Amino acid sequence: MAFISRSNQWNKARVFLSLPRSSHSALLSSSRLLTSTTEITENPSENPEPQSPETKAPPPLRERFQRGKRQNHHEKLEDTICRMMDNREWTTRLQNSIRDLVPEWDHSLVYNVLHGAKKLDHALQFFRWSERSGLIRHDRDTHMKMIEMLGQGQKLNHARCILLDMPEKGVPWDEDMFKVLIESYGKAGIVQESVKIFQKMKELGVERTVKSYDTLFKVILRRGRYMMAKRYFNKMVSEGVEPTRHTYNLMLWGFFLCLRLETALRFYDDMISRGISPDVVTYNTMINGYCRFKKMDEAEKLFVEMKGKNIEPSVVSYTTMIKGYVAVERVDDGLRIFEEMRSVGIEANATTYSTLLPGLCDAGKMVEARNVLKSMMAKHIAPNDNSIFLKLLVSQSKAGDMAAATEVLKAMATLNVPAEAGHYGVLIENQCKANAYNRAVKLLDVLVEKEIILRHQDTLEMEPSAYNPIIEYLCNNGQTSKAEVLFRQLMKRGVQDQDALNNLISGHAKEGNPDASYEILKIMSRRGVPREANAYELLIKSYMSKGEPGDAKTALDSMIEDGHVPDSSLFRSVIESLFEDGRVQTASRVMMIMIDKNVGVEENMDLVAKILEALLMRGHVEEALGRIDLLNQNGHTADVDRLLSVLSEKGKTIAALKLLDFALERDLSLEFSSYDKVLDALLGAGKTLNAYSVLCKIVGKGSGSDWKSCEELIKSLNQEGNTKQADVLSRMIKKGQGSKKEDNVSL
């Protein structure tokens with residue numbers, strides 16, 4: 001025998017006790033109950049549809065249990081069906097589940113299921129299935145409910161089919177059903193179909209009373225078709241259908257909506273001539289119409305007339321008058337109406353406050369606006385349009401009353417209106433303008449801590465005029481890290497402000513955090529945001545102050561790539577830092593850029609000479625010669641004589657030889673002593689052939705030389721076996737001496 005848990009035993013006992021006493025003996029003998037009283041089959045063949053009371057067999061155990069359950073909890077069954085329809089697709093399995101769940105079908109059950117259904121498609125399928133399956137024949141209420149739902153969901157063809165098929169099911173039409181369809185087509189903007197349905201009522205023999213006409217008037221006037229409305233009004237009167245006060249109210253509303261003042265006034269006179277007295281709705285409509293045309297004197301007359309006829313103005317009446325006065329910039333009269341409304345005990349609503357407050361702000365009546373806001377807070381009435389708070393913040397700040405502006409933010413919290421980044425931005429901006437930076441920083445702390453900027457549902461963003469001043473202040477006062485946190489939140493919302501990013505670079509650089517500055521610089525580079533020269537200068541100086549000339553040079557390269565030209569002092573600082581750090585070649589490359597840009601070369605020639613000397617001393621002769629050539633191309637002259645002298649004195653004969661060859665090839669002007677020094681150094685180093693070669697070039701250029709060691713060079717050449725060179729040199733010297741004598745004789 002299968003194991004039966006205690007919970008199963010309790011369930012069996014509960015079901016057993018809920019049944020009639022006459023059934024106990026039969027159930028005790030049933031092996032099905034011993035196995036499980038809660039077993040349910042979903043096979044339709046084992047759960048036949050309910051039969052008529054005369055022929056149906058006694059219901060099985062589960063059906064009787066469910067029926068008793070439904071009798072005790074009638075609402076539970078409808079909720080269960082709705083939940084099943086919401087969570088499952090409409091399939092045969094779902095249909096069978098609903099069929100098994102419902103012991104008896106009635107119209108209230110179907111109506112409640114339709115009412116509670118969240119998916120319109122499922123509701124429509126349930127409506128059709130329940131009738132086609134023979135479970136129920138829908139009555140007028142279920143048809144009406146389905147038509148209303150389809151109209152709201154704009155499934156108008158389905159609604160039309162259901163309506164027109166009703167007589168075939170034996171359910172008569174009534175006017176209200178056609179009204180629903182006319183209005184649904186109108187809300188969908190299909191006025192032609194609304195008119196066709198209205199006309200079809202007559203074809204189908206459905207009586208058209210003033211209710212149908214009113215619905216049609218509302219539809220066609222909403223779309224601006226006032227001429228059509230007039231034609232159907234005349235048709236209604238010709239058919240003997242008397243217009244009501246509601247009809248005239250609709251017509252007046254529509255004509256004013258279409259800006260047809262004269263037509264509206266004629267209909268108002270016609271209403272009076274028919275003996276229909278206007279009510280508060282009529283007066284409100286007329287007052288609103290006059291306000292649309294900015295005819296406040298006429299509106300005031302009607303307002304007074306209404307009170308004279310003992311028709312109490314409603315909150316709509318007062319609000320409409322306030323709106324009209326605000327529109328024509330007569331805010332004092334609007335305040336008068338507001339005070340009158342309060343004096344007669346009519347409470348202002350959200351629309352009233354939303355109408356009055358912007359007018360007070362525009363008129364500069366900030367004291368009155370502050371009082372109205374306090375009244376709104378006391379009654380805990382939030383306005384319809386939250387943009388009013390922004391207008392209050394801007395207006396109070398513009399008036400210089402920052403305390404009142406701060407109260408606006410408190411009012412928003414009281415009324416459960418979430419303050420957005422734009423609201424904080426207005427306060428921060430104006431606190432900065434008032435030099436109240438400490439208060440601005442406190443507001444910023446709240447803004448950043450709560451991550452208000454990152455709320456994607458907000459639409460009011462912080463403006464550059466708000467965040468740039470506070471970022472600049474923080475960067476200039478040692479709080480760049482806080483400014484960066486703010487701006488990184490702004491960047492997540494797509495902000496790429498050039499001024500803010502450059503301020504961050506400058507701030508980090510001033511605070512001795514050049515790496516942080518360079519990270520901002522790379523962000524700007526990736527996003528294509530222009531970088532300022534001043535920010536680069538501060539970054540470069542920050543790197544140099546930390547003893548990192550290599551990074552300073554990298555920043556300088558970026559600065560030049562961005563199209564900025566460093567000034568002479570910045571070039572000198574970087575070159576000197578690199579030179580002092582022993583990076584002669586790197587300093588040389590920076591010097592080359594300076595020469596190429598022709599910036600401050602003359603002022604820095606002493607530094608240029610040092611670098612050239614260092615390059616030559618280290619054996620980077622070709623690089624040094626390239627720099628000298630670049631100087632010449634840009635109109636500057638290097639002190640080659642001094643360089644030759646230094647190289648000769650320090651025994652750098654090869655460097656001196658190459659430099660002298662370069663000078664001779666370029667026809668640079670040199671002192672004779674420079675030749676002598678180089679030749680002496682070469683001879684002293686035993687490089688006689690090199691000395692011979694140089695001397696030949698000097699003589700060949702016509703640059704005479706009185707080098708005293710010529711005889712010694714000839715002697716050395718002969719001793720080394722270079723007799724040919726010695727002989728050539730001797731003849732060149734003699735020839736040179738002979739030309740000198742001839743010059744002397746001629747003189």
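Reply: Buried means under 20% relative accessible area, exposed over 50% and partly exposed in between, with a 1.4 Å probe and protein chains only. This is a predicted model, in which local features need pLDDT of at least 70 and side-chain atom pairs count only at pLDDT 80 or more, while totals for chains, interfaces and linings use all residues. Residues are numbered from 1 along each chain as its sequence is written, and side-chain values use heavy atoms, with hydrogens and water left out.

Me: Why is Val408 called buried?

Reply: Val408 has a relative accessible area of 1%; the limit is under 20%, so Val408 counts as buried.

Me: Which residues does Val408 touch?

Reply: Contact means heavy atoms within 4.5 Å. Leaving aside residues up to four places away in sequence, Val408 touches Leu373, Phe389, Leu392 and Leu393. The C-alpha atoms of Val408 and Phe389 are separated by 6.7 Å, and the two are 19 residues apart along the chain.

Me: What makes a set of residues a nonpolar core?

Reply: Its members are buried Ala, Val, Leu, Ile, Met, Phe, Trp, Tyr and Cys residues joined through side-chain atoms within 4.5 Å. The largest nonpolar core here has 224 residues, and Ile98 and Ile470 have the most contacts inside it. Residues up to four places away in sequence not counted, Ile98 touches Ile81, Met84, Met85, Trp90, Trp105, Phe126 and Trp129.

Me: Where is Val408 found?

Reply: Val408 is found in helix α24, residues 402-414. Helices are DSSP runs of H or I with at least four residues, numbered from the N terminus.

Key. Helix = DSSP H or I, 4+ residues; strand = E, 2+ residues; numbered from the N terminus.
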